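Biologist: I would like to go through this model feature by feature. Please give the general idea each time, then the case at hand.

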Amino acid sequence: GWGRFLGDEGSGYALGRAAFVAVARAHDGRGPATALTEAVLTRFALTDPTAAIAEVYAGRLDLAQAAPLVTQAADAGDAVASAILDTGARELAAHLVALQPQFPGRVDVALIGGLLTGAASYGAAFARYLNDLVPAARLVSPAADPARGALFLASA
């Protein structure tokens, strides 16, 4: 992606940012109530949603740390969190649509990272969108652990 300000759709940062937006919208009455409110307030030791404003804009919160809260709330049936996950999974799969011309034919895709491998609902949603958007893609097990892969790419 283009990084957290211009893209990075489907990333932990994007999911976490969406959680904070959902909390703010629910607080203002512009969005539905969500279990994310209590989860975010507790995780970041905030007194209320308005307390998040200064913390976010001062750069004192790592929004990506809210991503697991989204997967947990979605797994517990929260509709807002489920919509955030669904959008993230679709956007992440869309990255592969953009890359597809560079890899004609079948392309192997390995899931790595805590969100895709640790949250079954997010990985499953991604796999569903991948199948719909990039039928030539096939999910495979990673050839190596992520650290080894990073070293390989750095040395290349």
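Predicted model: local features only at pLDDT ≥ 70, side-chain atom pairs only at ≥ 80, totals over all residues.

Biologist: How many of the 10 residues of helix α8 are buried?

Modeller: A residue counts as buried when its relative accessible area is under 20%. In α8 (residues 146-155) the number buried is 0, so this helix lies largely in the open. At the start of α8, a side-chain oxygen of Asp 145 comes to within 3.1 Å of the backbone nitrogen of Ala 147.

Biologist: Which residues of α1 are buried?

Modeller: The general idea comes from helix geometry: an α-helix has 3.6 residues a turn, so residues three or four places apart point the same way. In α1 the buried residues are Gly 12, Tyr 13, Leu 15, Gly 16, Ala 19, Phe 20, Ala 22 and Val 23.

Biologist: Next, the loop between α1 and α2, where Thr 34 lies. Is Thr 34 buried or exposed?

Modeller: Thr 34 has 11% relative accessibility and therefore counts as buried. Its side chain makes a polar contact with the side chain of Asp 78, at 2.8 Å. Leaving out residues up to four places away in sequence, Thr 34 touches Ala 22, Ala 26, Asp 78 and Val 80. Of these, Ala 22 is one of the buried residues of α1.

Biologist: How should I read the packing of helix α2 and helix α4, and at what angle do they pack?

Modeller: Read the angle together with the axis distance and the handedness. Helix α2 (residues 36-43) and helix α4 (residues 67-75) pack at about 145 degrees, with their axes 10 Å apart. The crossing is right-handed. On the α2 side the contact is made by Leu 36, Ala 39, Val 40 and Arg 43, and on the α4 side by Leu 69, Val 70 and Ala 73. Sorted by class, that contact has 6 nonpolar residues, no polar ones and 1 charged.

Biologist: Thr 71 also lies in α4. Why does Thr 71 count as buried?

Modeller: Its relative accessibility is 7%, so Thr 71 counts as buried. The Thr 71 side chain reaches the backbone oxygen of Pro 68 at 2.9 Å. Beyond its neighbours within four places in sequence, Thr 71 is in contact with Leu 85, Leu 115, Ala 119, Ser 121 and Tyr 122.

Biologist: Where is Leu 111 found?

Modeller: Leu 111 is in the loop between β1 (107-110) and α6 (114-118). At 17% relative accessibility, Leu 111 counts as buried because the limit is 20%. Leu 111 and Leu 99 are 12 residues apart in sequence, and their C-alpha atoms are 16 Å apart in space.

Biologist: Finally, the whole chain. How many helices and strands does the chain have?

Modeller: There are 8 helices and 2 strands. From the N terminus the order is α-α-α-α-α-β-α-α-β-α. Along the principal axes, the C-alpha atoms fill a box of roughly 50 × 35 × 25 Å. Of the 156 residues in the chain, 33% are buried. Among contacts between residues at least 6 apart in sequence, 66% join residues at least 24 apart.

Conventions. Residues numbered from 1 in each chain as written. Heavy atoms only, no water. Buried < 20%, exposed > 50% of the residue type's maximum accessible area, 1.4 Å probe, protein only. Helix = DSSP H or I, 4+ residues; strand = E, 2+ residues; numbered from the N terminus. Axes fitted to C-alpha atoms, helices over the stretch in contact; angles between N-to-C directions. Left-handed = near helix turned anticlockwise from the far one by under 90°. Contact = heavy atoms within 4.5 Å. Nonpolar A, V, L, I, M, F, W, Y, C, P; charged D, E, K, R; others polar. Polar contact = N/O pair within 3.5 Å; in protein donor to acceptor, adjacent residues only side chain to side chain.
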